Amino acid sequence: MKIRLAALVAVALALAGVSGAAARPPTSLRVLFVGNSLTATNDLPAMAAGIAARAGRRLEYQTVVFPGYSLEDHWNQGDARAVLSTGRYDVVVMQQGPSALPESQVNLREWAIRWGAEARSRGARLALLTVWPESYRRTALVDVIASYRRAAEAAKAELLPAGGAWRVAWNCDPVALYGPDGFHPSTLGTYTAALTVYGRLFRAPLIGGRAPAGVRPRTARLLQWSAARSLGRKIPAKRRCGRS
């Protein structure tokens with residue numbers, strides 16, 4: 001009886017150790033970014049890797065992007081699947097256009113499910129990066145956010161709520177997140193998106209992190225707060241809108 005009890009205790013402790021290790025945030029990740037010019041503009045993957053590096057973490061990445069591509073286009077073109085098949089990646093981060101229209105929402109869900117299964121078969125997990133509509137359709141941002149959220153749920157994927165972080169920031173300040181063409185992101189828009197990528201994938205704090213060169217401290221605090229809020233982080237009310 002004593003031997004059996006000791007064995008049970010040992011197993012329980014071993015399982016607890018495994019569980020605790022799994023719960024620890026990663027310090028290094030290999031990420032495949034697949035998307036279009038919304039990812040390529042200002043090199044979002046490099047910016048996310050820079051955020052990680054400044055915090056003492058490592059994000060190794062490869063990027064497969066083509067202008068205007070959807071998840072379906074990437075599947076049919078084949079390069080992203082070929083890279084994923086190497087089995088080198090922990091996470092596949094994907095995005096397409098806003099996907100707010102009903103037929104676009106259906107398309108995003110369908111192909112997110114397919115890519116999620118493909119990622120899991122290669123030992124990776126899928127993460128969908130919520131984007132944003134063109135500036136003249138800014139009111140559609142709510143539908144974009146809902147579309148990506150539902151697609152992530154259907155595909156059992158993580159959600160990187162960049163568009164949600166943009167919305168939170170705008171509720172505080174009309175910060176310039178669009179670039180000159182009113183669709184592709186400004187440097188600040190990409191920084192906000194990169195914060196959501198880094199914060200979710202590494203399960204890391206965002207408030208107080210070092211911002212890229214050229215981003216004013218006050219603006220950096222606002223965007224860090226907005227990204228943290230979009231990820232569901234609890235932040236003291238006194239720090240609302242990035243107040244120091």
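The model is predicted: local features need pLDDT of at least 70, side-chain atom pairs count only at pLDDT 80 or more, and totals for chains, interfaces and linings use all residues. Residues are numbered from 1 along each chain as its sequence is written, and side-chain values use heavy atoms, without hydrogens and water.

**Helix H6**

- H6 spans residues 102-121, 20 residues in total. Helices here are DSSP runs of H or I with at least four residues, and strands are E runs of at least two, numbered from the N terminus.
- From first C-alpha to last, H6 reaches 29 Å, close to the 28 Å expected at 1.5 Å a residue. That expected span is 1.5 Å times one less than the number of residues.

- Buried residues in H6 include Leu108, Trp111, Ala112 and Trp115. Buried means under 20% relative accessible area, exposed over 50%, and partly exposed in between (1.4 Å probe, protein chains only).
- The buried residues of H6 are Gln105, Asn107, Leu108, Trp111, Ala112, Trp115, Gly116, Glu118 and Ala119. They lie on the same side of H6 because they cover an arc of only 160° around the axis, taken from the directions from the helix axis to the C-beta atoms.
- On the other side, Pro102, Glu103 and Ser121 are exposed.
- Just after H6, Gly123 has a positive phi of about 80°.

**Lining of the largest pocket**

- Helix H10 (residues 217-230) gives the most to this lining, with three residues.
- Arg216, Arg218 and Cys241 are among the lining residues.

Key
On a 1 Å grid over the protein atoms alone, a cavity is a set of points where a 1.4 Å probe fits but cannot get out, and a pocket is an open set with protein on both sides within 12 Å along at least five of seven lines; lining residues have an atom within 4 Å of a point.
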